[in-house]
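Please walk through the structure below with attention to backbone geometry and chain contacts.

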Amino acid sequence: MYALKYDEDTCLKCRTQDCLAKCQYIDIDKESAKKEILKIAHGEDSSVLHDCVTCYACEEYCSFNNHPFYLIVEKQEELDIPPLPRPIIKRGIKTGIPFRGEPTIEKINGRALLMGAFADLMHLIQGKLFEGLPVISTDPRKMFHYFCQLMYLHYARNSVIKERLPKIIKTIAEHEVTEVVCFHDECYGTYTSYCPAIGMEVPFTPVHFFEYLYNRLLELKKEIKPVKLKVAYQRPCSSRLSPDKHRFVQAIFDLIGAQTVEREYVDENALCCGGTMEGQRREGSRKRTADLRRKNIEDMKNAGAEVCVFNCPACYNTLGQMLVQSGIRPVFMSDLCRVAIGEKPEGWR
Amino acid sequence: MDSVYEALVEIVGPEHVSSQPEELFIYSWDLGTTEPHRPDYAVAPRTAEEIRKIVQLANKEKIPVVPLGGGLSLAGLAVPFKGGILLDLKRMDDIIEVNERARYALVECGVSQGKLTAYLERHHPHLTHSEPGAPPAATIAGNVVIHGQGDLAHPYGFNSDMINGLEVVTPTGEICQFGSCAIGAGWFTLHPLPDVGLFLGWTGTTGIITKVSLRLFPCKKIRGMAQFVVDDEDLVPEVFYKITHTQMVEDIMATSQAIPPFSSELHHFTINIAADSEKELEFKLEIVFDDTLGEYIHKGDGGYLGFIRGLERPQLSKTSDWRKGGGFEYVGSIMPIEQYPECYRRGKEISERHDIPYTVLARCIGTAHAMMFSWTYAFNRADPKTIEHAREALHETDDLALELGGTIWKPGLYGQRLVMEKLNPNTLELMRKIKQLLDPNGIMNPGNWEAQ
Amino acid sequence: MMALADFEYGDTIHRCFRCGYCKFPVDWTDVNNCPAYARYRMETYSCGGRLWLTRAWLSDEIDWTAHFAHIMFSCTACKNCEAKCPLSFNVDILNMITAAKGEMVERGTIPPLVKEFLENIQRHGNPYGTPKAKRGDWLDGMGLKPYQGQDYLYYVGCIGSYDTRAQEIARALGAVLDRAGVSFGVLGVEEGCDGNDVNMIGEQGLFEVLAEDNIAQFKDLGVHRIVTLSPHAYNAIKNEYPCYEGDFEVLHYTQLLQCLISDGDLDISKGFEARVTFHDPCFLGRWNGEYEASREILQAIPGVTFIELEKNRESALCCGGGGGNFYIDFLGGSPDSPSRRRVREAHETGANILAVACPSCLNMLEDAVKSEELEDKISVQDISEIVAKACGITA
């Protein structure tokens, strides 16, 4: 019923094969890249299907918006080449099952902030920045009713996304929301990139969290005191689905007087937190991920970062402890913005 | 005036003895499904000498004495089935000595797990003890007396294997010491004196332990927990076996439970790993997860879920509130690891029959010499029907544990009867003789281990 | 008579497992952080014990007795249990105990001392039964102004107004505020009881009367900002008065002094030479999350060597004075009394001053120092007095 809008001709005509040629985790030349992507498009086995770490980045690298990543994971599922071991996939799929009853639906009739599956992070949306903005998915016991499901791209289980997502969208829509500010990049990516790519209708307008924060900070501009911290940003995989909004990271830093450090693994060249890679079936995944994380954090450290800023709670969980050990403080973007307007987020000293 | 009450007041002082209905009510209850029985007196002694006097009084008056530690066995082991004097031992809570070089702690019987953990962290950060999965209010002595196991069970065995010395008040009121301490030496070994180990596993029916010397072990700078998951219960024994072969880890547990959904029908291993340096840690992770379990990962049969630094010690247990009912009880068994798949499958069936979401756990004891396998049944304290269901499920599980070739760990009265029915008759007879010899008036924790 | 089904927490109270977390401090160093359990060491006196007894009482499994009432009213409402209980209903465990006390008040089955405490407040506006006319005596010779629209109302409370020792700290704080040039006034003889401990005893009706009277008076006088001597009053005004349309900006005095010191509005250069440890008051700490103001003040004073108690902040052991126990004193009379345990802990730090920020703690701990015969080793002083000395204000 939902089919991926992928155009083989676009790949045939493509002269760069950026999707694979730029991949940080698969060493492949342009020529082979073309061959492999076409093999994938034809439903044939390809080394890429075995080696893909599911970092989402090729969605950004493809300048034709031809959805190479969605294609890869669809074919991984079709050809039964799961990137993760079976028990992790089962575990992950069960994680998103809503249980403990139905959520309470409050009619919003306007704009709302959607916490998705992060209802237990309400402490990150406190203070003036969020005044007057109603929130949906506030009950951790019911939060999987709002879980965008896109995580299952990492599991090569597009079928699960397609099966469950309509019900999630319906639940959100029942709140009668017009604009939905998505707390997590992943939800935003779901509703602005994945849904259109498979022809699933989204009856509300998603707003990127950082765009919201930026605009709100503009309104509160008078209250901003420069935070004067040297910051690095940990770009999450799902940010690759909305590269047009990535600019708000820098825009916010500029607005609140945070100094972005010069580093190698930044923007398009950003490194994955390794949250999903660590457990993958591909030989050496654990060790490779440990090396990747060290490389990422050393890069921040060498660049002089005092703070590593996050959008994604999963990245935060994966890297937080290592960062602290390296003397870099992990902070969510919203908390950093709160500091800039003189508020004291939970645990901030 | 009640002469026993007055005599108790004489021994422990008026504030530490009660025959008021409130104390008798509270001390009548176990936290599991066991029916309550009221004691006649609740007493909180401070010294072994006071206990000695209480026991002598009880012998004179022929009234039962029931010792209570943290009260967290959940199997009804300190319920005063025949009334008498309930001894709440938690006032005896001094950590008397920690010997850094001989690696032991000498503690009074009321010292809680939490207190020893906190004390070692603060004063002896490179030493640790094998902490059981019970709430921190559980006592050291209560745990060794029931043959408990803790988070060092894989390298070092049962907590009752970690005893370097004991002080015990016998049922006739003598204070005895066992181990090197008995000849006036330090509390550093239980061996090689003639073996008179008559107090462990007897659940307080042969005496009251008043002091324990417990072995401590090296505590490495980095301690953390890795997780590994499989979806086939038949793989669990070999995973246990392979991990234990590496001798690289501190604790290995496998769990499976119906709620939350992600844990249902999957088997999650938690594997504690400790290291003094990043180099040591990476070496151990590599040996365990790349070299040993890598084949499962690559084939797609097992998944590595990462390593988290820091152990939650003592553990916070929220088990009692899983169904907002305030209650749970479990059957623990000591079982060959090979039986994991059958324990899991049959346990799940019992749970389903009684409409209780299933919860099972296996902890490796020794180098896969055995496991403690537990089946947990939650109930709603406000709903007698669910308590009855849990009780039935527990009894069926006691039967199952023996059927599968295991022994029941810290059995309640029902389980004790089952064990005694199967027990070698000569052994049972010897137990009876020992009990008769030690406790001629049968005052100690009566009801427990009473051969028919 | 109320049955379990009618009890506000009737559908939750059975969820307590009596796992015993409620007895511990945050870092598990001992099982004595519930003050009543520390004193009596019987399971009945722990939070879990009280909850099980309450449930049994409301289900007619046990009858009311004077001993049961003693167990319930010995709870000081220190919130240690709530801070440690890991279960989701922990926000209500103390409320359950207070509600059970309230039911006893309702039935008229309360210990004579509790009755006396409540009657004194009802008749005289203070727990001591001293005439209301004497409430302003502490002001004699101070020259403090009555409240007439100044920036702050300095609300003293019953203990500071009547207790001889606490009057000294009420005066010390008055002098310090005066020295700092704070615009404030007092109510003197017109001041009423804040009712915090009445509320903790479960006498909801009397609390409402006290709160409404105070709110009406504050509003009549045009009060917007209040600074309190006692954390108990601070708690009532901050957290309970808004339920009766009493919305005031309220500070505990340590919060105000901390601002004055950090803004340079208070000259504390005379200093205070001492090794000082600090006892967190429950109604400032666990009840309101304010752990830093007092520490920042003490550490800013020249000459102060600050030493933390082992059990501090969320882990602080209550002095045993809450829930009216500073008056009814159900936890006194033993070396195991929480106040005596606490001063021994303070003495073990090597400090010669045990600083407090609450008149109730001051009373409880000072008495305990005497009972422990530690007078020549450690003395109890309120932060207001210490600051006064650092300002060169002499009594």
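**Chain B: backbone and interfaces**

K62(B) counts as exposed, with 10 C-beta neighbours inside 10 Å. The term rests on C-beta atoms placed from the backbone: a residue is buried if 20 or more others lie within 10 Å of its own, exposed if 12 or fewer, and partly exposed in between. This is a predicted model, in which local features need pLDDT of at least 70 and side-chain atom pairs count only at pLDDT 80 or more, while totals for chains, interfaces and linings use all residues. Residues are numbered from 1 along each chain as its sequence is written, and chains are lettered from A and ligands numbered from 1 in the order in which they are written.

Although K62(B) is not a glycine, its phi is positive, about 55°. K62(B) sits in the loop between α3 (48-61) and β3 (65-68) of chain B; helices (H or I, at least four residues) and strands (E, at least two) are DSSP runs, numbered from the N terminus. T203(B), also a residue other than glycine, has a positive phi near 45°. Is T203(B) buried or exposed? T203(B) counts as buried, having 27 C-beta neighbours inside 10 Å. Its place is the loop between β9 and β10 of chain B.

Next come the cis peptide bonds. P192(B) lies in the loop between β9 (175-178) and β10 (208-215) of chain B, and the bond that joins H191(B) to P192(B) is cis, with omega about 5°. A cis bond also runs from I259(B) to P260(B), where omega is near -5°. P260(B) belongs to the loop between β13 (251-257) and β14 (267-275) of chain B.

The contacts with the other chains follow. On the side towards chain C, 36 residues of chain B are in contact with 33 residues of chain C, contact being defined as C-beta atoms, placed from the backbone, within 7 Å. At least two residues of this side come from each of α2 (21-26), α4 (113-123) and β16 (326-335) of chain B. α2(B) gives the largest share, five residues. By class, this side has 14 nonpolar, eleven polar and eleven charged residues. Here Ala, Val, Leu, Ile, Met, Phe, Trp, Tyr, Cys and Pro count as nonpolar, Asp, Glu, Lys and Arg as charged, and the others, Gly among them, as polar.

Towards chain A, 20 residues of chain B are in contact with 19 residues of chain A. Two or more residues of this side come from each of β12 (222-230), α8 (278-292), α9 (294-299) and β15 (302-309) of chain B. The largest share, six residues, is that of β15(B). The side of chain B that touches chain A has nine nonpolar, six polar and five charged residues.

How values were computed:
Contact = placed C-beta atoms within 7 Å.
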